[in-house]
Structure formats: C-alpha cells, structure tokens
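Thanks for asking me to look this one over. My notes follow as numbered points, with a question to get us started.

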Amino acid sequence: MTSTAWTGDDHHPGTTTRSPHLRLAGDAAPIDVVAARHAVRALLSALGQDPDSERLRDTPRRVADAYAELLTPEPFTLTTFPNDEGYDELVLARDLPFQSLCEHHLLPFHGVAHIGYLPAGRILGLSKLARVVEQFARGLQVQERLTKQIADCLDAHLHAKGVAVVLEAEHLCMSLRGVRAKGSRTITSALHGLHRDDPATRHEFFALTGVHR
C-alpha cells in the first residue's frame, strides 16, 4: 500500500546513517470517481431509494468524494534528526486519533494510537508519528494489519532500539450492526526490538499508555 523514496543520499561517506529525508507515499490504485458515483446511484436504487429525488440527487457525488478522500493517503516526508545528546529513554506519543474503513463492511472504525520508540542514532519529528498512522489508516483496513504496518514502517526506517504500537478502536460494523456492542473497543499491538524482547521495556511502554497487558 505504501512506497518510500529517499530524497537524499542513502548513506553518508564512511557511515551507515540514512538520509534524514524520506518521502512516504501511498501505492493505492487511482480512484475512478465518476464510476463510483454511478455505483452509488445504483446502490441507492437497489436499496429501494430514489436517487432522482431532491434529497438524494447529490448523494452519489458526496459519497464518491468522501470515499476517495478516505482511501487516498497524502504523501509526506518522514523527517529525522541526529540524536546528538544520545537520548536513550522511551519516546511516547499517546492518544493519536485515527479513523479508517473496515474492508469487510466499508464501515468506519476509529480510535487512538499509542506509539513509542527507543532512539538510536536518530530521533523522529513528533508530528510524523501521527502522519505515519494517517498514512496507513487511509484505505480499506483491518485493525491487526494497520497496527503491524505502522510498527514495521517505523522499525524499517527509524532503526530504533525498540518500537511499540498499540491501537484502541471502536468498530461501527460491531457497534451499529450484528451484536451491536456499543462502546466496545478492540486493542491490538505490535512490538519490535527491545519492546518485544525485554520485559522491563515492554512493561514501561504499556504502563505509560495505560493499556493493561
């Protein structure tokens, strides 16, 4: 779903440090908005609605545009900075809001992400943690895959000593239909490096996020 392109040299002479500028862009297929509008119109008719009525006349356009927005990631630069002070404690961003679309029912799921990492040679601009979440949330998703994609991306490009990601989300396909478990939240996690291998490091992350494991 996502590709990357380096905007600078991969390596500086005599080092193995990657460029601080990494362009992160989605690989999603182009969306045919016109065809989507026709499909929404056909769906309204199949559901016993009148797409030519005044109240629904513009619904196909609105729905097609909304899905195009929700399914199109916005490219951004994943910027890192030298860890000159040698900071080696946990960096944690809590309660980053996100929303995505369930690929099984095309209904939204939404919640918060908690992301932590143990820096090595570089640190990440804090706003980029939220941007990485948004990058992978824009698309048809399941929460398990979304969690892993965020963690794998940070692990691959940040080269931290440890990366930890937890998502807490409410799924409307579960709260509005079926069992109608309103207010229920699903929690998923993905851990790399010391956050996976060291119990004390793992415990610190979960304790600070308030997630009980």
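Does F206 count as buried or exposed, and at what relative accessibility? F206 counts as buried, because its relative accessibility is 7% and the limit for buried is under 20%. Please keep in mind while reading that this is a predicted model.

1. **The sheet.** Let me begin with the strands. Five of them form an open sheet in the order β7-β4-β5-β8-β9, and the pairing is mixed. At the edges are β7 (140–141) and β9 (186–193), each of which pairs on one side only. Helix α3, covering residues 126–137, packs on the sheet and touches β4, β5 and β7. The direction of α3 makes about 20° with that of β4.

2. **The β4 and β5 pair.** Strands β4 (residues 91–102) and β5 (residues 108–118) run antiparallel, and nine bridges join them.

3. **The largest core.** In soluble globular proteins, nonpolar side chains tend to be buried together. Here the largest nonpolar core has 30 residues. Those with the most contacts inside this core are F98, I115, V132, L146, I150 and L154. Two or more residues come from each of β3 (76–82), β4, β5, α3, α4 (143–158) and β8 (162–171). Helix α4 gives the largest share, six residues.

4. **L154 up close.** Which residues does L154 contact, leaving aside its neighbours within four places in sequence? The partners are I115, L124, L129, V132, H159 and V163.

5. **A second core.** There is also a separate core of six residues, which includes A164, L191, F206 and V211. This is where the residue of my opening question turns up again.

6. **Aromatic pairs.** The count comes to two aromatic pairs. In one of them, the rings of F98 and F109 have centres 6.3 Å apart and planes at 75°, so the pair is edge-to-face. F98 lies in strand β4 and F109 in strand β5, so this pair ties together parts that are eleven residues apart in sequence. Both F98 and F109 are buried. The other pair is F205 with F206: the ring centres are 5.3 Å apart and the planes are at 65°, so this pair is edge-to-face. F205 is buried, with a relative accessible area of 0%.

7. **Cysteines.** How many disulfides are there? The count comes to zero. For C173, the nearest cysteine sulfur is that of C102, 3.9 Å away. C173 is in no disulfide, because the sulfur atoms would have to be within 2.5 Å. C173 is buried, with a relative accessible area of 12%, and C153 is buried with a value of 7%.

8. **Q99.** My last point is about a residue in strand β4, Q99. Why does Q99 count as exposed? The relative accessibility of Q99 is 54%, and exposed means over 50%, so Q99 falls in that class. Not counting residues up to four places away in sequence, Q99 touches L70, F109, H110 and A137. The C-alpha atoms of Q99 and R138 are separated by 7.9 Å, although these residues are 39 residues apart along the chain.

Conventions
Residues numbered from 1 in each chain as written. Predicted model: local features only at pLDDT ≥ 70, side-chain atom pairs only at ≥ 80, totals over all residues. Heavy atoms only, no water. Pairing = 2+ DSSP bridges. Helix = DSSP H or I, 4+ residues; strand = E, 2+ residues; numbered from the N terminus. Contact = heavy atoms within 4.5 Å. Axes fitted to C-alpha atoms, helices over the stretch in contact; angles between N-to-C directions. Core = buried A, V, L, I, M, F, W, Y, C linked by side-chain atoms within 4.5 Å. Buried < 20%, exposed > 50% of the residue type's maximum accessible area, 1.4 Å probe, protein only. Phe/Tyr/Trp six-rings, centres within 6.5 Å; stacked < 30°, edge-to-face > 60°.
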